[in-house]
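Here is a short briefing on one protein model. Look at the sequence and the 3D view first, then read the points.

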Amino acid sequence: MMGFSRAVREELARILPERRCCQMAELAGLAFIDGTLTVQGYELIVGQAAAARMAYRLLKQLYQPYLEIKVRHRVRFSKHHVYTIRIPNQPLLPRIVGSLRGVHQRYSKERWGKPCCRKAFLRGVYICRGSLTNPRKNYHLEIVTDSFQQAAIIQGIMETFDLAPGVVQRKKHVTLYMKDGEQISKLLNLLGGHSAVLQLENVRVVKGVRNQINRLVNCETANMDKTLEAAFRQVENIKLIMASGRFASLSPELKEMAGLRLQYPYASLKELGELLDPPLSKSGVNHRFRKLDVIAEEIRKEHAE
Ligand SMILES: [Zn+2]
């Protein structure tokens with residue numbers, strides 16, 4: 001089975017931005033840390049197959065240059081590969097290098113430009129240098145850079161989206177990291193990793209509600225359990241619907257019901273009904289939750305691969 005981190009990277013590398021501005025920004029993100037100009041041309045040397053594929057696709061899409069690609073083992077017999085995408089010296093080269101540098105310089109001067117391009121740039125950086133722990137273990141996302149200057153630029157862009165990564169130096173590398181499930185989910189959403197977000201949200205909801213239930217079970221009577229089990233499932237379904245982007249298309253009645261459940265995770269159906277204006281019977285409330293269950297089930301089926 002493919003690791004979670006790699007699955008996320010592969011998902012992100014399947015996105016090809018529509019607009020040329022974003023394609024350029026994503027290529028600049030891929031080349032931000034791992035691209036260099038040499039005597040033979042411009043080289044992008046990456047350790048991720050997804051990054052190599054993405055760079056190849058974007059270069060072909062944007063410029064149709066002549067390209068050379070090399071794959072070698074990092075160490076003899078190791079599973080790790082190093083991919084070199086080289087744009088050998090050719091008339092197009094100065095234009096390509098000029099465009100890449102243009103993006104890097106704009107961001108280093110905090111001229112952030114359009115959000116669409118900033119997202120694409122971050123996606124490029126993430127595909128090359130990002131990784132994520134399986135959320136079942138803990139929440140940890142990181143992007144490894146080679147200098148404080150690089151880290152600061154990436155951090156600056158993230159801040160424009162209200163993301164606040166930490167920065168830590170480890171030997172030669174300066175690493176940006178996030179340990180908050182909500183922030184990680186927000187970043188993956190920005191990057192377009194929607195099935196990653198869905199998986200992450202599922203784990204988050206299960207973890208969160210389990211903790212709530214565990215706390216309560218210690219002091220509540222046993223007949224509370226059934227109510228809590230149902231509430232647990234309802235909250236899980238609502239968050240799943242939200243994470244899938246379907247929430248906006250719900251009817252106002254269902255949205256109201258969902259909102260109340262999130263606000264009062266422990267309330268009984270009768271209590272929730274009384275909070276509505278006009279009040280609704282227990283069976284009326286139950287009916288609405290059944291509709292939400294059906295929608296959540298549809299989403300699970302769509303994403304069960
Ligand atoms: Zn753009």
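The points below go from the overall build to the core, the metal site and the charged pairs.

This is a predicted model: local features need pLDDT of at least 70, side-chain atom pairs count only at pLDDT 80 or more, and totals for chains, interfaces and linings use all residues. Residues are numbered from 1 along each chain as its sequence is written, and side-chain values use heavy atoms, with hydrogens and water left out.

**Overall build**

- The protein has twelve helices and eight strands. Helices (H or I, at least four residues) and strands (E, at least two) are DSSP runs, numbered from the N terminus.
- The C-alpha trace spans about 75 × 40 × 35 Å along its principal axes.
- Of the 305 residues, 48% are buried. Buried means under 20% relative accessible area, exposed over 50%, and partly exposed in between (1.4 Å probe, protein chains only).
- Take the contacts with a separation of 6 or more: residues 24 or more positions apart account for 65% of them. Contact means heavy atoms within 4.5 Å.

**Nonpolar cores**

- A nonpolar core is a set of buried Ala, Val, Leu, Ile, Met, Phe, Trp, Tyr and Cys residues joined through side-chain atoms within 4.5 Å.
- The largest nonpolar core has 67 residues. Leu27, Leu30, Phe121, Leu141, Ile154 and Leu188 have the most contacts inside it.
- This core lies between domain 1 (4-190) and domain 2 (193-303), because both give residues to it. The domain bounds come from an automatic or database domain assignment.
- A second, separate core has 20 residues, including Leu250, Ala267, Leu269 and Ala296.
- Leaving aside neighbours within four places in sequence, leucine 30 is in contact with several residues, among them Leu44, Met54, Leu58 and Ile127.

**Zinc site**

- Which protein atoms are the donors of the zinc ion? They are the SG atoms of Cys21, Cys22, Cys116 and Cys117, lying 2.3 to 2.4 Å from the ion.
- Donors are N, O and S atoms within 2.8 Å of the metal (3.2 Å for Na, K and Ca); water is not among the atoms, so sites may look incomplete.
- The arrangement is tetrahedral because the four donor atoms subtend angles of 96 to 131 degrees. Four donors count as tetrahedral if all angles lie between 85 and 135 degrees.
- Along the chain, the donors follow the spacing C-C-x93-C-C.
- Cysteine 22 lies in helix 2 (residues 20-34) and cysteine 117 in helix 5 (residues 115-129), so the pair ties together parts 95 residues apart in sequence.

**Salt bridges**

- The whole structure holds 13 salt bridges. A salt bridge is a side-chain nitrogen of Lys or Arg within 4 Å of a carboxyl oxygen of Asp or Glu.
- Glutamate 26 and arginine 123 meet in a salt bridge (2.8 Å, N to O). The pair links helix 2 to helix 5, 97 residues apart. Glutamate 26 is buried, at 0% relative accessible area, and arginine 123 is buried at 7%.
- Arginine 6 pairs with glutamate 10, their closest N and O atoms being 3.8 Å apart. Both lie in helix 1 (residues 4-13), four residues apart, about one turn of the helix. Arginine 6 is partly exposed at 47%, whereas glutamate 10 is buried at 14%.
- Arg6, Glu10 and Arg53 are linked in a network of salt bridges.

Technical notes
Tetrahedral: all angles 85-135°; square planar, octahedral: opposite > 155°, others 65-115°.
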